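Please look through the sequence and the model below before reading on. The paragraphs after them are meant to be read with the structure open.

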Amino acid sequence: MALRKTARAGAVGLAAAAMAATAFAVPAQASSDTAPSTPPSTAGHEATRRAMDAEVKAGIPGITAQVRDAKGVWKATSGVGNLTTGAPRGTNDRFRAGSITKTFVATVLLQMESEKKLSLDDKVERHLPGLVRGNGNDGRKITVRQLLNHTTGLFDYLADEEYLDTYIRGEGYLKHRYDTLPPGKHVKVALSHAPLFEPGARFSYSNTNYILAGLIVEKAGGRTYEAEVRDRIIEPLGLRSTSNPGNSIHMPRPGSRSYSKLFEETPDRIDDVTEMNGSQGWADGDIISTTGDLNRFYGALLRGELLPPKQLKAMKTTVPHPERSDMSYGLGLTRLRTSCGTTLWGHGGGMVGSTSLAVTTEDGRHQLAYNRNGDWSTGAPTGIMEAEYCPTPAPSG
């Protein structure tokens, strides 16, 4: 979810400008996976379907979504998964989930806290001695909790102009998309800047925080962050379509192509950016998943299946967003309030060519996850969410 007002808005690859309409608009299609007791014509998701179609009409190539509620499972797609062939998006598409990864990382660290392997009040220095130093940055003053709720003041490496020009924008991205980038590279970029404020002073979303959180996972667990996520979350929940890419450039199948507007000077240009080195997002945003797996994950998390009550309470203890009264941030978990007053928990995420959102009600029983295979704005970033939880009747006539 866009939690920063930068060119990439807290999600790698979010292009800024409003998009032009394309000729690839395809009406949303309900999947045959709709629960038998809820025929597509009365499934209750007509507003969600219209919102998906509206984004495709506005220019997003394609969208895939899944809803789980008391009536069963509803899957739908709109638009295309391949601009060249016109093939539609699939209901089981895998995609790069971006910052949704942060909830996985926070869950692992909170499990470790329940096992007494660390404390949320530990200083970063205790686990990563000497790493966070220089330009006013000091790991002796920053806690693990502050990493997880983005109150460290550490500069977001994705806001560094040189990094953006080299790895995110235009020809730089096309030239370097296959480069392997170790976590230390991202930390070094961030620490070349002074902090934005003293630790704990306020909220400011920074991907740097979760690079450091991933390093602490490895230090506390004695093995890779990927192994911890796999053994603690992916395998116990049976998330068979969820994985960490490492430094692979390929997307597992089934999946659609991913598209980006990389060049601000040519806003109508759309590039296929499906292939990229997975290490360019790490514990801040590398996970590949599906709408079904993300719904399973967030449902289990909010129902208390992954964390003891104390740790789940800590995760849901939020700090305010300075510019959004309808949003606050916990430990790797966003609290949202819809226009009709429904409280939702989840996270959004973006990588170059992919933007996603996964949310659930407080009781974990009404879930929505969706993915766009284009990374530019439609002007209504939460339109599909609002349509699902605050539906309005279709216009008459």
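Predicted model: local features only at pLDDT ≥ 70, side-chain atom pairs only at ≥ 80, totals over all residues.

Residues are numbered from 1 along each chain as its sequence is written, and side-chain values use heavy atoms, with hydrogens and water left out.

The protein chain has 12 helices and 15 strands, where helices (H or I, at least four residues) and strands (E, at least two) are DSSP runs, numbered from the N terminus. Of its 397 residues, 59% count as buried; buried means under 20% relative accessible area, exposed means over 50%, and partly exposed lies in between, with a 1.4 Å probe and protein chains only. Among contacts (heavy atoms within 4.5 Å) in the protein chain with a separation of 6 or more, 70% are accounted for by residues 24 or more positions apart.

A nonpolar core is here a set of buried Ala, Val, Leu, Ile, Met, Phe, Trp, Tyr and Cys residues joined through side-chain atoms within 4.5 Å. The largest such core has 74 residues, and those with the most contacts inside it are Phe-104, Leu-109, Leu-148, Phe-297, Leu-301 and Met-315. Apart from this core lies another, of 25 residues, which include Ala-47, Met-52, Val-80 and Tyr-259. Leu-109, when its neighbours within four places in sequence are left aside, is in contact with Leu-118, Val-144, Leu-148, Ala-213, Ile-216 and Val-217.

Two packed helices are described by the angle between their axes and the distance between the axes. The axes are lines fitted to C-alpha atoms, for helices over the stretch in contact, and the angles run from 0 to 180 degrees between N-to-C directions. The axes of helix α2 (residues 101-114) and helix α8 (residues 207-221) come within 10 Å and cross at roughly 40°. α2 and α8 are therefore oblique to each other, given that angles under 35 degrees count as roughly parallel, over 145 as roughly antiparallel, 65 to 115 as roughly perpendicular and the rest as oblique. Their crossing is left-handed, a term used if the near helix is turned anticlockwise from the far one by less than a right angle, with right-handed used if clockwise. On the α2 side the contact involves Lys-102, Val-105, Ala-106, Val-108, Leu-109 and Met-112, which meet α8 residues including Tyr-210, Ala-213, Ile-216 and Val-217. The residues of this contact divide into 10 nonpolar, three polar and one charged, where Ala, Val, Leu, Ile, Met, Phe, Trp, Tyr, Cys and Pro count as nonpolar, Asp, Glu, Lys and Arg as charged, and the others, Gly among them, as polar.

Helix α2 also packs against helix α10 (residues 291-302), at an angle of about 40° and with the axes 12 Å apart, and this crossing is left-handed. Here Thr-103, Phe-104 and Thr-107 in α2 meet Leu-294, Phe-297, Tyr-298 and Leu-301 in α10, a contact with five nonpolar, two polar and no charged residues.

How do α8 and α9 meet, and which residues take part? The axes of α8 and α9 come within 8 Å and cross at roughly 80°, and the two helices are therefore roughly perpendicular to each other. Gly-214, Val-217, Glu-218 and Gly-221 in α8 meet Tyr-225, Glu-226 and Glu-228 in α9, and by class this contact has two nonpolar, two polar and three charged residues.

Lys-116, in the loop between α2 and α3 (124-127), has a positive phi of about 65° although it is not a glycine, and at 73% relative accessibility Lys-116 counts as exposed. Asn-135, in the loop between β5 (133-134) and β6 (137-138), likewise has a positive phi, near 55°, and is partly exposed, with a relative accessible area of 47%. A cis peptide bond, with omega about -5°, joins Arg-253 and Pro-254, and Pro-254 has its place in the loop between α9 (225-237) and β7 (259-260).
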